[in-house]
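Visitor: I would like a close look at one part of this structure. Please take me through its aromatic rings and what surrounds them.

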Amino acid sequence: MNTTIPFYDIANKFLLGFIFVFVVFMLYANDILYFFIQNEKLFTIPAGIETILTICFLSAVYEIGVLLNRIASVGTEELLIKVKLWPPRSNYTNYNNAKRLHKKLPILAREYDFYKGHVTLFIILALLACVSFRWSLLIVFASIAIIFIASGKKQSHRINELVKDYENTTSIAHDLMA
């Protein structure tokens with residue numbers, strides 16, 4: 001059993017986390033800087049502690065990415081399917097079997113996961129921009145979310161077509177054997 005974590009998975013979660021942290025910092029830069037100025041001792045951190053804090057920061061960024069990814073899977077995707085912006089997923093057993101026939105199916109699924117995560121990220125960022133009364137950012141983030149929604153819909157259709165192709169191939173083979 002292969003238990004390694006693929007590089008794209010780690011990179012995707014770091015990317016989601018970094019974008020989120022960067023935008024939150026930009027939205028609330030004044031508040032964050034005020035906090036640091038009020039706590040002068042934060043500027044005199046010894047080098048050993050600095051390394052530990054950097055590792056903690058990177059871990060937090062990764063965990064934020066994991067959280068966004070999970071929200072995408074259990075919330076955003078289900079909502080987009082329910083409101084019919086994305087087609088329903090194909091049968092999981094047939095999907096797994098179709099991967100043997102269509103070698104590009106796992107790549108398409110990874111891209112689909114990428115789109116799900118980014119839809120969630122930009123919807124949350126749009127909500128934060130709205131709460132912060134940053135209307136131009138709201139428009140930008142909502143527009144990016146819409147682009148990723150459209151991309152995810154297209155990707156989902158591709159995946160479903162390949163699984164459907166597998167189902168048709170196996171039903172023809174089953175009919176020929178009967």
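**A look at the rings**

Guide: Start at Tyr8, where the charged end of Arg110 sits over the ring, 4.5 Å from its centre. Keep in mind that this is a predicted model.

Now take the ring pairs. The structure holds 11 aromatic pairs. One of them joins Phe18 and Phe57. Their centres are 6.4 Å apart, with 55° between the planes, and the pair is tilted. Phe18 lies in helix 1 and Phe57 in helix 3, so the pair links parts of the chain 39 residues apart. Phe18 is partly exposed, because its relative accessibility is 37%. Phe57 is partly exposed too, at 41%.

Next comes the pair of Phe114 and Phe148. The ring centres are 6.2 Å apart and the planes meet at 70°, so this pair is edge-to-face. Phe114 belongs to helix 5 and Phe148 to helix 6, so the pair ties together parts 34 residues apart in sequence. Phe114 is partly exposed at 28% relative accessibility. Phe148 has 16%, which is under the 20% limit, so Phe148 counts as buried.

Ring pairs link Phe114, Tyr115, Phe122, Phe141 and Phe148. Ile123 sits in helix 5 and is partly exposed, with a relative accessible area of 35%.

Last, return to helix 1 and helix 3. Their axes come within 7 Å and cross at roughly 100°. The two helices are therefore roughly perpendicular. Their contact has 13 nonpolar, four polar and one charged residues.

Key: Residues are numbered from 1 along each chain as its sequence is written. This is a predicted model: local features need pLDDT of at least 70, side-chain atom pairs count only at pLDDT 80 or more; totals for chains, interfaces and linings use all residues. Side-chain values use heavy atoms; hydrogens and water are left out. Helices (H or I, at least four residues) and strands (E, at least two) are DSSP runs, numbered from the N terminus. Buried means under 20% relative accessible area, exposed over 50%, partly exposed in between (1.4 Å probe, protein chains only). Axes are lines fitted to C-alpha atoms, for helices over the stretch in contact, and angles run from 0 to 180 degrees between N-to-C directions. Angles under 35 degrees count as roughly parallel, over 145 as roughly antiparallel, 65 to 115 as roughly perpendicular and the rest as oblique. Ala, Val, Leu, Ile, Met, Phe, Trp, Tyr, Cys and Pro count as nonpolar, Asp, Glu, Lys and Arg as charged, and the others, Gly among them, as polar. Rings of Phe, Tyr and Trp (its six-membered ring) pair if their centres lie within 6.5 Å; planes under 30 degrees apart count as stacked, over 60 as edge-to-face and the rest as tilted. A charge sits over a ring if NZ of Lys or CZ of Arg is within 6 Å of the ring centre and within 35 degrees of the ring normal.
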